[in-house]
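This report goes through a sheet, a set of salt bridges and some side chains in their surroundings. The sequence and the structure come next.

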Amino acid sequence: MLRAGSVVTCIACKNLLPSRMGVKFRVPLQKLHPLSRAIHHRFSANNNPQRPPHCSAARHYTSLSRLPMRPPKSRSGGHGYQQHRTFWVARLAARLLKLRYILLGSAVGGGYTAKKTYDEWKDMFPDMSQYTWIVPDFIWELSENIDLDKLARALPELEEIAKLLPDMEKVGENFTFLKSLLSSGLGSEVNGASGLRLLLETTGDSALRAPDIPPTSAAMSDSSDKQFKKSSDKERVDQLQEELLRTQMKYQRMLERLEKENKELRKVVLQKDDKGIHQRKVKKSLIDMYSEVLDILSDYDSNYNTQDHLPRVVVVGDQSSGKTSVLEMIAQARIFPRGSGEMMTRSPVKVTLSEGPHHVAMFKDSTREFDLGKEEDLAALRHEIELRMRKSVKEGQTVSPETISLSVKGPGIQRMVLVDLPGVISTVTTGMAADTKETIFSMSKAYMQNPNAIILCIQDGSVDAERSIVTDLVSQMDPQGKRTIFVLTKVDLAEKNLASPNRIQQIVEGRLFPMKALGYFAVVTGKGSTNESIDSIKDYEEDFFQNSRLLRDGMLKAHQVTTKNLSLAVSDCFWKMVRESVEQQADAFKASRFNLETEWKNNYPRLRELDRNELYEKAKNEILDEVISLSQVTPKHWESILQKKLWERVSTHVIENIYLPAAQTMNSGTFNTTVDIKLKQWTDKQLPHKALEVAWETLQEEFARFMAEYKGKDQDDIFDKLKEAVKEESIKRHKWNERAMDSLRVIQHNALEDRSITDKPQWDAAIQFMEETLQSRLKDTESVIADMVGPDWKQRWLSWKNRSPEQHIRNETKNELERLLKLHEDHTAYLANDEVTTVRKNLEGRGVEVDPVLIKDTWHQLYRRHFLQKALSHCNLCRRGFYYYQRHFVDSELECNDVVLFWRIQRMLAITGNTLRQQLTNTEVRRLEKNVKEVLEDFGEDNEKKVQLITGRRVQLAEDLKKVREIQEKLEAFIEALHKEK
């Protein structure tokens, strides 16, 4: 076996190695060393006598091969041997002398040349002594502090290092022996060991030339190779595909492992930043800056002409197509409410994805962080999203255009901004608004018509493609497919249910739908259970595609599957679109800002640019100053106002129901009894309520007066509507302390029971009060009579006025009743029936037809005037009656009980005014101030209310200016950060 012919060996070598091909492999020699020691082989140069002589110039050996031994020269013939023996000493000496001269000349010439070259290079270098100050002093002191000679002696010698290296001669001999052993084997053995022989060839070898092979052997080999290729082509393709899949999965797992390690490292770094280890201010991430710009634009774009063309990823799809599940897979958390066949997405949800140390979520208008690693926080987040959606939907509607802004951070999450829209429906079901379908269509079009929006079109793979609605809508908005990414969901169900998997291939290749797209992806987002975790879904998705014949048969490509690849592709497309369009959008807002600033300078050159919120704060401060000024009102002012208003409110009752009935009596005892009874009834039922009403109205009037008087030179009329609304709402909310009514009733009752006038000034004040009251009533009564009877003769002649027929009748009735009063000055307050008949007959005798009711009405006013005139004359008589009052009117015909009544009323007014003033200043003013503050706070939180109360072109212009400046500044900051990231 070991001594097989060389012809067989050469044939095997030629089959292994074609001519002029160099094989270069690096194999550690240490691994083959034990094998080489176990084999013994003797090289023989005469094994193949038929082998043609080789040319030394064309034969190549490896560095480890043993050179063939030269055949010994024949020593026949004594002459040649003697000549060789005689001259070998001379020949050796000549060669040694020649070598010495060559070495000596080379050494001298080389030394001279080296010295000359060194001098030339030395002259070319600058003088470095002038630059020694550049090197620090401690460098020059190293030689003093470090013993370089001792360090050099500590290093090992070269001989010791050489001993550690392997014996390369022995290694080469062993490999040469093993190579020659393989070369001398049979054909089958050589074919089996050909791989090992290739490993033995080193990278430094030249191309090997195999010897020629007989034609018969070559033909047999070629035919066998062709037959083998025909029989195994299909198997090789299958093997290559399986190997390719295994390789892809292998590298995919390696990539995921590296990404996981990268996540952990990033998490550690970000946590250190959060803890302040670096002691630096943590800047906002790039995606957070971009999201802020989008949030501002969502509130601003609806009110101005500058269009929002900033990119965002718009997620659209048919209802229950799995678009929310795709978004959750990208966000790596189950964050959205779920339902079986029910519409769950009722308003747009803007989700800002970014990388962070912890997997958390947060709403734009809230500071609460939801830990997405905890199930209770996930449930709370889903519940909060559902509540916000239902709250945003107006009564009678099913969906809302109001956007819910949410940010999700976590390790390894791709940075982008996605907007999840309500699913497109084909039929309006029971419980939905009639315009739900049209509203969803218009909302989807509004987001997709943005030329820089990336459309993520979600299609359910488990249903018939012909039932899709969203594909037609997307093809209308992006007919060229330049910004559309198509995603086929539920591929596992599609592969299971479809009889022809080629339809899936047609879908992902864009040949089934009329729409076009940048890319097509196939994903699996779950097994149908709502309790599955994201990690389990990822594992299921990876296992499915690894075993799916869609990928194995080449219907799907590896980069078209899994949500991981989808997330990477969408993120790349998103940032590419952002970089291409953000500067153009910034220029548009720069032009808008210039136009708005020019309009402000032309229309409001002397006013500050205060927006609605700033104007509201200014108005708020003015209103609070006005409320505080209520506490600066003097007690005397409060009491005088309260007394005056209270008397105006109760004077009619006092005169008509208390004084007049009591004055009809014949003696003072009956008068006082009647007065006491009437006052007691009045105090128990009406007086406290009237007093509190007067106090509350007085407080309102003073509040309104201060707000009106506050208007000065700097007062802005733009606040009038707001102040009026605040005043009305504050008064509406204010409730008087009802417990004060009981104490007030007791105080008033005690004040009215007191009849003791202590001094003359009080008597005179009571008479003056009574006289003023009676004169006021007499004046009012005469005015009423004048209106009843019409103008007198002087007004008729001077003003050319005439009486009406009714006034003429009343005038005749008045004249008749006045004659009756002259005859009976002490007449009672009411006419008897026979007196009414007498008056009517007298008038009929003069040709005046009159109704008895008219007679009684006229009599009431005439008697009232008559009584008041008598009371005024009696009041003048009582001016000197204080002396008789002190003696209780004994031995005197003068009785002034009516003066005592008015003094009691006057004293009650003073005490009530003082009591109400104390309650106002101590309690009610503060409560009103508190109510005003609450109203202002409520109005400040209600943006719609502020828009209603603070209006005008000036306000809107300031609002637009503020928004445009803020957007431009944030866009410029974002662009600067974007350039730095590049």
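Helices here are DSSP runs of H or I with at least four residues, numbered from the N terminus. The model is predicted.

## Salt bridges within helices

With a salt bridge taken as a side-chain nitrogen of Lys or Arg within 4 Å of a carboxyl oxygen of Asp or Glu, the count comes to 43 salt bridges. Lys 680 and Asp 684 form one of them, with their closest N and O atoms 2.5 Å apart. These two residues are separated by about one helical turn, because they lie 4 residues apart in helix 24 (residues 668–685). Lys 680 counts as partly exposed, at 36% relative accessibility, and Asp 684 counts as partly exposed at 32%.

In helix 30 (residues 805–823), Arg 819 and Glu 816 are 3 residues apart, so about one helical turn separates them. Their side chains meet in a salt bridge with an N to O distance of 2.4 Å. Arg 819 is partly exposed, with 41% relative accessibility, whereas Glu 816 is buried, with a relative accessible area of 10%.

## A salt-bridge network

Which residues are linked with Arg 593 in a network of salt bridges? The network consists of Arg 593, Glu 597, Glu 609 and Arg 965.

Glu 597 counts as buried because its relative accessibility is 19%, while Arg 593, at 23%, counts as partly exposed.

## The sheet and helix 13

An open sheet contains 9 strands in the order 4-3-5-2-6-1-7-8-9, and its pairing is mixed. Its edges are strand 4 (370–371) and strand 9 (519–522), each of which pairs on one side only. Helix 13 (residues 323–331) packs on this sheet. The strands touched by helix 13 are strand 1 (313–317), strand 2, strand 5, strand 6 (416–420), strand 7 (454–460) and strand 8 (484–489). The direction of helix 13 makes about 160° with that of strand 6.

Strand 2 (residues 349–355) and strand 5 (residues 404–410) run parallel and are joined by 7 bridges. Across this pairing, Ser 354 stands opposite Lys 409 in strand 5.

## A buried arginine

Where is Arg 917 placed? Arg 917 is in helix 34 (residues 897–941). Its relative accessible area is 16%, so Arg 917 is buried.

Leaving aside residues up to four places away in sequence, Arg 917 touches Pro 635, Trp 638, Glu 639 and Leu 642.

## A nonpolar surface patch

Trp 793, Trp 797 and Leu 798 form a nonpolar patch on the surface. Together the three residues have about 480 Å² of accessible area.

Trp 793 is in helix 29 (residues 793–799). Exposed means over 50% relative accessible area; Trp 793 is exposed because its value is 56%.

Notes: Residues are numbered from 1 along each chain as its sequence is written. This is a predicted model: local features need pLDDT of at least 70, side-chain atom pairs count only at pLDDT 80 or more; totals for chains, interfaces and linings use all residues. Side-chain values use heavy atoms; hydrogens and water are left out. Patches are made of residues with over 30% relative accessible area and no salt bridge: like charges are joined within 9 Å, nonpolar side chains (Val, Leu, Ile, Met, Phe, Trp, Tyr) within 5 Å. Accessible areas come from the Shrake-Rupley method with a 1.4 Å probe; for residues, only the protein chains shown count as cover. Buried means under 20% relative accessible area, exposed over 50%, partly exposed in between (1.4 Å probe, protein chains only). Two strands pair if DSSP finds at least two bridges between them. Contact means heavy atoms within 4.5 Å. Axes are lines fitted to C-alpha atoms, for helices over the stretch in contact, and angles run from 0 to 180 degrees between N-to-C directions.
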